[in-house]
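The sequence and model are shown first, and the notes follow.

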Amino acid sequence: VKDLIPNCEYYFRVKAVNKIGGGDYIELRNPIIAEDPKQPPDPPVDLEVHNPTSKSVTLTWKPPLFDGGSKIMGYIIEKLAKGKERWERCNDYLVPLLTYTVKGLEEGKEYQFRVRAENAAGISEPSRITPFVKAVDPVEAPKVFLAANLQSGLEVKRGDEIILEAHISGSPYPSITWLRNDEVVRPEDIKKRVIAPKKKRGESILSIRDSIRADHGTFTIKVENDHGVAKASCDVNVLDVPGPPVNFVFEDLRKNSVVCKWEPPLDDGGSEILNYVLEKKDNTKAEMGWVTVSATLRHCKFHVTKLIEGKEYLFRVFAENRVGAGPPCVSKPMTAKDPFSPPDAPNKPDVEDVTSNSMLVKWNEPKDNGSPIIGYWIEKREINSTHWARVNRNLVNALEVKVEGLLEGLTYIFRVCAENAAGPGKFSPPSDPKTAQDPIIVPGPPSCPEVKDKTKSSVALAWKPPQKDGGSPIKGYIVEMQDEGSTEWKKVNEGDKLFPTCECVIPNLKELRKYRFRVKAVNAAGESEPSPATSEIPIQDILEEPEIFLDLGAQDLLSCRAGTTIKIPAVIKGRPVPKTFWEYEGKAKTAAKVEATDTRSEIIIPDCNRSHSGRYSITAKNKAGQKTVHVRVNVLDVPGPPKDLKVSDITRGSCKLSWKMPDDDGGDRIRGYVIEKRNIDGKAWTKVNPNCGSTSFVVPDLICGQEYFFRVRAENRFGVGPPAETIQRTTARDPIPPPGPPIPKVTDWTKSSVDLEWSPPLKDGGSRVTGYIVEFKEEGKEEWER
């Protein structure tokens, strides 16, 4: 019995019931009060021991599974020393929580523990007893961690205090040692600026007052006990001005400039060098002070200009970081002067490659006198003039120069001088006189002739003109040939005639004989060297395998509408002229018309239909070989009739039509189907649907009892195809199932008869019940009789 109200009194009674009815009640004599029974709780469970030390141990447990019907008021903890028989209570007051730390244990002794729960009804049985636990401190290797602000290092300015804090643990408590750069830190080693590390259990602090740059380094705290060693390190950076730069030297000393170079300070002061300050001083005048050359130098090199030749200078350089500028590095005295002199004069120049408007002037490199030569100046003079004219606007870095813009027919001489960092030197002696005019020489050889065509009695050659015409136009060409087996070259030209162009036809050659050919170019100076000769060329007709090129619109696939004319044109190439023939699916196409010439063949099929779809092939054949090209033709038309049209699921107002796709889709995707119906008494077909995309359709809106014929036609983008029609008529009416069963009832009986009554079935199956059949079965038999 559930849902009772606590502390209420209740009576209860019970009676038995069978199919005849209910019997008498039995009742409780006394009322029942709805309240939970109260008893001492079950013992606590899952007692566990944690963190034992030499003086204490921590216990945890879980509450009893059943509190006895009364709230748990607290717990009693008991201990038993090894060798003792009596349990001792550890707590004076009930423990309200599920954990308790037992203190006052004797070091080295072993103990067992148990817990009892207490409620208003009493104290529970004790929990499961723990195994013996020894009262000893735990063994722990030492650990040390630096303060969070020291994890990425410590940076202070000079004069600030360095404070390093570390947190330590371990059992037994470890010894502590501070080191700097792997050396023990002692106050006397750092001029007593070290405050001895404060030793407080669990932490250690090292402090250095009035820090200086020398205090930077890696500080390490080392902790050690019997169970191991632990270390923690912190990089301490003491910021100060940088030290002086080092190794100040001079490079590329000139009379009015010098390159100052130095190396960075050995100590950057703990901060990146931001720039350098370079200063100079006139060392010949004591009263002159230092002058800043540049205060924003990022690199350790600077080109100092505007010096006065012959004066003595001092230089100094400071390094700066974000703290400030450090002490300077001072150079040795330096006198501004060039360490070299201008170069010597070159030798007498040579003049080559003379043309009507240019000459090539060459010379040898002179002595540079201590400074590399940076270029040359070239001058020219007409032989009848006294004025030298500069040829080049900029220094020439080579040992030759092509002088252009000369006047044809004039005679010129040339001279050259070299220049280095000290300036230009003396000019060379003048060259020999040269007159500006083009030299005329024989042309260069033409290219090797190539065979462009040949027959059984002639060969056609072509070649390229020479790269150089020798200064005179090419008048024509001479062609020579060498017969097979002979070393003599014979001239092909008739008499003194020249071939005017770079091609010719050589007739009257012997069939199957081999010849070699070469060509010479001719200008006003004479004949050139012969061109490279051809290899031996056999004189015979050129055989070319047939090639077939279909019209671009007929490659791979040709689509056309039924009723149009199919035309497949092909271009034929080959030597000799190939013979061609067309085939359809590997056989000759008798209904097609073929129009052909030596270079073209076209098959024509007028008024095409779907039967003309397929693969057409054209074959070209000659002595050199055979070539066949295929093209597929697709004649597009309306689809054929659907297949297997069936009627099913007939009702008084609808029926279902189903069919299969046509065998021929007309060469295009079927977009849908058109369904039509016709009354048996009518002649016109009525469209049932706008378009059907599947192969089945439920025809709606039939008239009950009416007889129909149906037909379906497939449709693609070219139109609607022929129909598939139903052969048998379809009557629109619902199917009639058998009626439901009657429910018989015996109303009276005698020793030889029985009176029966029944109610009609709940469902007549859609048709009026016309009568009933009565059957009986004798007890003990299996068959029913009518």
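## Asn225 in strand S20

The model is predicted. Asn225 belongs to strand S20, which covers residues 217-225. Its relative accessibility is 11%, so Asn225 counts as buried, the limit being under 20%.

The side chain of Asn225 comes to 3.2 Å from the backbone oxygen of Glu140. Glu140 is also among the contacts of Asn225 beyond four places in sequence, and the others are Ala141, Pro142, Gly170, Ser171, Pro172 and Pro174.

## Asn275 in strand S24

Asn275 is part of strand S24, residues 275-282. With a relative accessibility of 13%, Asn275 is classed as buried because that value is under 20%.

A polar atom of the Asn275 side chain lies 2.7 Å from the backbone oxygen of Ala295. Once residues up to four places away in sequence are set aside, Asn275 touches Ala295, Thr296 and Leu297, and also Phe318, Ala319 and Glu320.

## Two loop residues with positive phi

Asn51 is not a glycine, yet its phi is positive, at about 50°. Asn51 sits in the loop that runs between strand S5 (45-50) and strand S6 (57-62). Its relative accessible area is 59%, so Asn51 is exposed, the limit being over 50%.

Asp353, which is not a glycine either, has a positive phi of about 50°. The loop that holds Asp353 lies between strand S30 (350-352) and strand S31 (358-362). Asp353 counts as exposed because its relative accessibility is 57%, and the limit is over 50%.

## The cavity

How many cavities of 30 Å³ or more does the structure hold? There is one, and the volume of the largest cavity is about 30 Å³. Its lining is made up of Pro52, Thr53, Ser56, Val57, Leu105, Tyr111, Phe113, Val133, Lys134 and Ala135. Strand S10 (110-119) and strand S12 (133-134) are the elements that give two or more residues to this lining.

Sorted by class, the lining of the largest cavity has seven nonpolar residues, two polar residues and one charged residue.

## The largest pocket

The volume of the largest pocket is about 420 Å³. The residues that line it are Pro742, Pro744, Val754, Leu756, Trp758, Gly771, Tyr772, Ile773, Val774, Glu775, Phe776 and Lys777. Strand S63, residues 754-759, gives the most to this lining, with three residues. By class, nine of the lining residues are nonpolar, one is polar and two are charged.

## The second largest pocket

The second largest pocket has a volume of about 220 Å³. Its lining includes Met481, Lys490, Lys491, Val492, Asn493 and Glu494. Lys497, Leu498, Phe499, Val505, Ile506 and Pro507 also line this pocket.

Strand S41 (490-491) and strand S42 (503-506) each supply at least two of the lining residues. The lining of the second largest pocket has seven nonpolar, one polar and four charged residues.

## Pro761 after strand S63

Pro761 lies in the segment after S63. Is Pro761 buried or exposed? Its relative accessibility is 13%, so Pro761 counts as buried, the limit being under 20%.

Leaving aside residues up to four places away in sequence, Pro761 touches Pro739, Gly740, Pro741, Pro742, Val769 and Tyr772. Of these contacts, Pro742 and Tyr772 also line the largest pocket. The C-alpha atoms of Pro761 and Ile413 are separated by 141 Å, and the two residues are 348 residues apart along the chain.

## Annotated domains

An unreviewed UniProt entry places the feature "domain: Fibronectin type-III" at residues 1-37, 43-138, 244-339, 345-438, 445-545, 641-734 and 738-786.

What are the helix and strand contents of residues 244-339? This span is 0% helix and 46% strand, and its end C-alpha atoms are 30 Å apart. Residues 738-786 are 0% helix and 27% strand, with 19 Å between the end C-alpha atoms.

Notes: Residues numbered from 1 in each chain as written. Predicted model: local features only at pLDDT ≥ 70, side-chain atom pairs only at ≥ 80, totals over all residues. Heavy atoms only, no water. Helix = DSSP H or I, 4+ residues; strand = E, 2+ residues; numbered from the N terminus. Buried < 20%, exposed > 50% of the residue type's maximum accessible area, 1.4 Å probe, protein only. Polar contact = N/O pair within 3.5 Å; in protein donor to acceptor, adjacent residues only side chain to side chain. Contact = heavy atoms within 4.5 Å. 1 Å grid on protein atoms, 1.4 Å probe; cavity = no way out; pocket = protein on both sides within 12 Å on 5 of 7 lines; lining within 4 Å. Points joined across faces, edges and corners; volume = space filled by probe spheres on them. Nonpolar A, V, L, I, M, F, W, Y, C, P; charged D, E, K, R; others polar. UniProt positions renumbered as here; feature names shortened; annotations may be inferred.
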